[in-house]
Amino acid sequence: MSLPDEETIEAYLRRYRETVPAPRAEWVRYGEETLARQARKMKRTEKINRVMTYTLSTSAAVLIGVWVQGIVVEKANVQPAADHGQRESAAAASDAHLLPGIFHSPDAPSHSAANRGLAPYAERGLVLPQTANEPETGMQKPAAGNVGKSPERTAYTEELPSSGTGGGMLAAAQKPEEKRGLEKQAEKYLQEKLGEESKQYRFNPARSRLAEGIVSFSRVVDGIPVDENSLVVKINQSSEVVGMEIYPIAQKAFSAASVQRSLIDQEEAAQKLATTLRLVYTAGEEPVLRYQPLQAGYVDALTGKLAANADQGSSLIPIQSEGKRLRATDAGSAADLLRAEFGVKISAGIEPVRMINDSSFEYLWEWDGGKSARIRMDKAGNILSFASRNAVQKAGNKQLGMKEAQQTAIEKLSRYLPAGVEEVEMIGQTEEGQQTLFRFCWVHQGIPVITHSYDVYVDRTSGTVTGMAGPFGAELPRLPKAQDVISPEEAMKIFAQQAQPEPVYRALSGQRKSDAEVQLVYPYPVRNEQPLAVDAKTGTLVQP
């Protein structure tokens, strides 16, 4: 694969400079703060290294001096012998402690040799705290058998955990910080950076991803939070804040929506949200059988009306899966797959941009007229998703109806579903311009398996599938029978009694152009982007 020529690279750079805005002042400031922290850490490391080296050298010299002094004292205390034979025995006994070779024996290294042996361990001790939180890459503490038995090394090993920088970070690596700790750390950071302004933000558990170190906050307007990311604090694996992003909101629009009308109470909202619960499978998670909504909806806090997308009536669709595998090994085979299976015609000679992640990699092609194609695969080559933007307008300029678009999505999806899938359920439908997103879920023994959902994008103008996403390369899991589970009515009762939904401001369709497009709602409780659920076996709440 050849690299693009200079003109192509220059064109990419000019387009990037024109389309990507300049970094915001906040990002620049936090970048400078991060660099300053790293510089201070390097200085501390160098200082500790010098202090430890000096301390170890001094300790070794003192120990040797004390040892030699003890030998001299022992010799001076030897009593004179009564005869010549006794004097020779005493001399022989005392000379055993004064052999010059004791300082050069291989079993007892000299002072300089001891320092050379300590240096690698000292470096490991200083580097370890900085890399302890990196997955499977941090240096391990040397084993006891490798450290040797000299007094100097033993003393160093014992003092390492009590050092100012090593002990705390090492303990943090052994005991990861709990999620509540990340929330408190982010709140403290807000107080330091924003002062009194930090009181205008409240932790948003629904949009936070604490496992990834992303802590989200929402702006509070008239005592009610806004249901969106108003501020995000990012914390890395070393438990250090690496950045903060603040997003502006149209506060006047939200304030105007706060009319002096009484809201429905929390109990009534919980009862209405409880009606959206469904018995579902969550393959690969515990508990595997639970009650939760297929899509998290909300209740209008003023009228008490349940949102339309929360009305989840069962709509099973029989399907004949063909089990065709979507696989590619390189950019060439990926382009051939897009062309053969989905009619994406990538211009000849276009080399893709390759993006590598922890568990997947992507290819992105861009060519004339703003056309593009993107495909994502796992390490084994299974296709996880693809999207294209080069659809040709259908003859006669007649758009597909919703039923026709849905049928097109089902027919295309059935070719790549694993063998054994006999039913699916459409759990979502979203219009995005001329495209419609259909979301389907595998149904096993009449119960949706929410961990096996599939997205299909249909361009209604061209009548083609322009995108798909889902676990196409995964084998169907073995699921238990739905036996000894509580009834839906009992699950609803448990949820209504224990769930505590809170009112929030929500902008309809992402717009805030007028007061009518802002609602006060009770959203379904969500944490870490996962909905609250009820264990179908025990009847207890499952906190994400």
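Strands here (E, at least two residues) and helices (H or I, at least four) are DSSP runs, numbered from the N terminus. This is a predicted model, in which local features need pLDDT of at least 70 and side-chain atom pairs count only at pLDDT 80 or more, while totals for chains, interfaces and linings use all residues. Residues are numbered from 1 along each chain as its sequence is written, and side-chain values use heavy atoms, leaving out hydrogens and water.

Now look at the partners of strand 2. Two strands pair if DSSP finds at least two bridges between them. Strand 3 (residues 224-225) runs antiparallel to strand 2 and is joined to it by 2 bridges, with V220 standing opposite P225. Strand 1 (residues 201-203) is also antiparallel to strand 2, through 3 bridges; here R202 has S218 as its bridge partner. Strand 4 (residues 231-235) pairs with strand 2 in the antiparallel sense over 4 bridges, and F217 is partnered with L231.

Is strand 2 enclosed or open? Because 8 of the 8 residues of strand 2 (residues 214-221) are buried, the strand is largely enclosed by the rest of the structure. Buried means under 20% relative accessible area, exposed over 50%, and partly exposed in between, with a 1.4 Å probe and protein chains only.

Finally, visit helix 10 (residues 266-274), where A269, A270, L273 and A274 are buried. Seen down the axis of helix 10, its buried residues fall within an arc of 135 degrees (taken from the directions from the helix axis to the C-beta atoms), so they line one face of the helix.
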